[in-house]
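Welcome, and please open your viewer. We will go through a few selections one after another, with a note on what to look for at each stop.

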Amino acid sequence: WVDDPESTTVTVPSTVTGYLLQFLATLVPTLLIEGILLLLFQYSWKQNWKAFLLVNLLTQGLLAVASSSVTAHSGVSAWYLFFFLLPAELVVMLVELYLYAGRGLLTGHSKGRAALYTVAANLASAVLGYYLAEPVWRLVVSIS
């Protein structure tokens, strides 16, 4: 025990910083991959960037909140992938299918192409998310 009050001061890093870092660490790669695929599927960036950005902010935001809650309680493990991440990615894909193809938020091509884009983009970003999940979690924990 130390009698000097200054030497016993404990600072707790902001959890908000950790959550923001986690969100950005998943959002940025998702935007890059899905944005490239949007262009490869020959969608006009000028016509679709707002819908693309809003849909990804919504779905990645919800995924980040849910993921933070699960990992704070259970950590990241193979079970995390199996019981949380895969079903969560499926829900994200279904929401994006509904918004892009069902509601027609992607313009310039058929609803079928929007659906195919959504499946391809979500599979690509989910695979990347799988490989980034543990390193991102460790980075966020070390920084925050």
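Which residues form one aromatic cluster? Select Phe41, Tyr43, Tyr100 and Tyr117: together they form it. Rings of Phe, Tyr and Trp (its six-membered ring) pair when their centres lie within 6.5 Å, and a search of the whole structure finds 4 aromatic pairs.

A word on the ground rules: this is a predicted model, where local features need pLDDT of at least 70, side-chain atom pairs count only at pLDDT 80 or more, and totals for chains, interfaces and linings use all residues. Residues are numbered from 1 along each chain as its sequence is written, and side-chain values use heavy atoms, with hydrogens and water left out.

Next, colour by helix: the chain has 4 helices and 0 strands (DSSP runs; helices are H or I of at least four residues, strands E of at least two).

Of its 13 residues, Leu38, Tyr43, Tyr100, Leu106 and Tyr117 touch the most other members. Helices α1 (15–40), α2 (45–74), α3 (78–102) and α4 (111–143) each give two or more residues to this core. Apart from it lies another core of 5 residues, including Leu63 and Phe84.

Finally, pick Glu96 in helix α3.

How values were computed
Rings of Phe, Tyr and Trp (its six-membered ring) pair if their centres lie within 6.5 Å; planes under 30 degrees apart count as stacked, over 60 as edge-to-face and the rest as tilted. A nonpolar core is a set of buried Ala, Val, Leu, Ile, Met, Phe, Trp, Tyr and Cys residues joined through side-chain atoms within 4.5 Å. Buried means under 20% relative accessible area, exposed over 50%, partly exposed in between (1.4 Å probe, protein chains only).
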